[in-house]
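Here is a walk through one protein model, written for someone who wants to click along in a viewer. Keep the sequence and the structure open side by side.

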Amino acid sequence: MSEEFDQAFWEERYRGRTVACGRQPNPQLVAEAADLAPGSALDAGCGEGADAVWLASRGWQVTAVDIAATALRHAQEHAETAGSEIASRIDWLQADLTSWKPAEDEFDLVSTHYVHAAASRGALFDRLAASVVPGGTLLIVGHHPSDPATASHAATPDVHFTAEEIAADLEPGRWDIVVAETRTRSATGHDGYETTVRDAVLRARKRHPDQRPSG
Ligand SMILES: C[S@@+](CC[C@H](N)C(=O)[O-])C[C@H]1O[C@@H](n2cnc3c(N)ncnc32)[C@H](O)[C@@H]1O
């Protein structure tokens with residue numbers, strides 16, 4: 001049966017602590033952003049803030065957006081525990097990504113991980129892509145269709161995708177695809193058990209308007 005990933009759904013999950021967010025940054029973010037020079041970053045669907053805190057600890061100025069107030073409260077506490085300098089580099093914003101529109105050409109890095117918004121992902125990813133500055137990076141991580149950990153959500157549209165599908169939807173001629181891969185890793189689920197996760201990872205670099213395609 002298809003699920004409705006609306007605000008009430010996420011609030012309930014964070015209040016019940018049934019989201020497997022944790023305090024560790026996503027390994028795909030660490031792998032893909034560690035070599036980027038810090039600048040401005042948008043973490044879209046930041047959850048309890050592990051990615052935003054990791055980015056801020058590396059010198060990024062982060063705008064971290066989520067629909068769930070409870071998640072943002074936990075995230076802010078996490079950032080304060082990490083230290084006032086790190087906390088001061090993060091702006092937390094409660095907003096609905098299905099309608100919130102970031103400014104165009106605004107962020108050096110736009111990163112979004114497993115956002116199952118209650119709307120089609122196409123328009124959402126278009127808005128996120130538009131907010132990357134020329135020369136900046138778009139990092140989209142989601143559940144691959146073969147991901148065993150989220151197989152129960154198979155009937156819900158937009159939960160699963162491949163990196164190649166997302167790459168094909170980017171504005172033609174505007175992007176260099178740096179990574180479009182499926183990656184398998186182990187993770188601890190919210191039930192505390194080890195599980196296998198299969199991620200779709202897209203990393204793309206926005207071309208400057210006068211730049212020719214590379215390769
Ligand atoms: C599976 S969690 C992933 C959290 C975090 N990115 C991570 O990787 O740990 C999905 C997050 O997206 C947020 N979210 C879902 N729909 C949203 C929307 N329409 N606007 C903003 N945030 C949303 C949820 O509240 C939740 O924190």
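Glu 165 and Arg 121 pair up through their side chains in a salt bridge, 3.8 Å from N to O (a salt bridge here is a side-chain nitrogen of Lys or Arg within 4 Å of a carboxyl oxygen of Asp or Glu). Glu 165 sits in helix α7 (residues 163–169) and Arg 121 in helix α6 (residues 121–130), so the pair ties together parts that are 44 residues apart in sequence. Helices (H or I, at least four residues) and strands (E, at least two) are DSSP runs, numbered from the N terminus.

How covered are the two partners? Glu 165 is partly exposed at 37% relative accessibility, while Arg 121 is buried at 17%. For these labels, buried means under 20% relative accessible area, exposed means over 50%, and partly exposed is in between, with a 1.4 Å probe and protein chains only.

## Ground rules

This is a predicted model, so local features need pLDDT of at least 70 and side-chain atom pairs count only at pLDDT 80 or more, while totals for chains, interfaces and linings use all residues. Residues are numbered from 1 along each chain as its sequence is written, and side-chain values use heavy atoms, with hydrogens and water left out.

A search of the whole structure turns up eleven salt bridges. One of them joins Arg 15 and Glu 11, at 3.8 Å from N to O. These two are four residues apart in helix α1 (residues 7–15), which means they are separated by about one helical turn. As a rule, an α-helix has 3.6 residues a turn, so residues three or four places apart point the same way. Arg 15 is exposed, with a relative accessible area of 60%, whereas Glu 11 is buried at 8%.

Lys 101 and Glu 104 make another bridge, their closest N and O atoms lying 3.5 Å apart. Here Lys 101 is exposed at 53%, and Glu 104 counts as exposed too, at 52%. There is also a network of salt bridges that links Glu 32, Asp 35, Glu 181, Arg 183 and Arg 203.

## The overall build

The protein has seven helices and seven strands. Along the sequence they come in the order α-α-β-α-β-α-α-β-β-α-β-α-β-β. A compact globule of 215 residues would have a radius of gyration near 17 Å, and the protein, at 16 Å, agrees with that. That radius is taken over C-alpha atoms, and the globule rule is 2.2 Å times the number of residues to the power 0.38. Along the principal axes, the C-alpha atoms fill a box of roughly 50 × 40 × 30 Å.

Of the 215 residues, 49% count as buried. Take the contacts (heavy atoms within 4.5 Å) between residues at least 6 apart in sequence: 71% of them join residues at least 24 apart. The accessible surface comes to about 10,200 Å², with 49% of that belonging to carbon and sulfur atoms; areas come from the Shrake-Rupley method with a 1.4 Å probe, and for residues only the protein chains shown count as cover.

## A covered helix

Helix α3 (residues 50–57) is mostly covered, with seven of its eight residues buried. The buried ones are Ala 50, Asp 51, Ala 52, Val 53, Trp 54, Leu 55 and Ala 56. Just after α3, Gly 59 takes a positive phi of about 100°.

Most residues other than glycine have a negative phi. Which way does phi go at Asp 105? Asp 105 has a positive phi, near 50°. You'll find Asp 105 in the loop between β3 (90–94) and β4 (107–113), and it is partly exposed at 41% relative accessibility. Tyr 114 has a positive phi as well, near 55°, and its place is in the loop between β4 and α6.

Finally, look at Gly 135 in strand β5 (residues 132–143). Gly 135 is partly exposed, with a relative accessible area of 25%. Leaving aside neighbours within four places in sequence, Gly 135 is in contact with Arg 205, Lys 206 and His 208. Gly 135 and Ser 88 are 47 residues apart along the chain, and their C-alpha atoms are separated by 26 Å.
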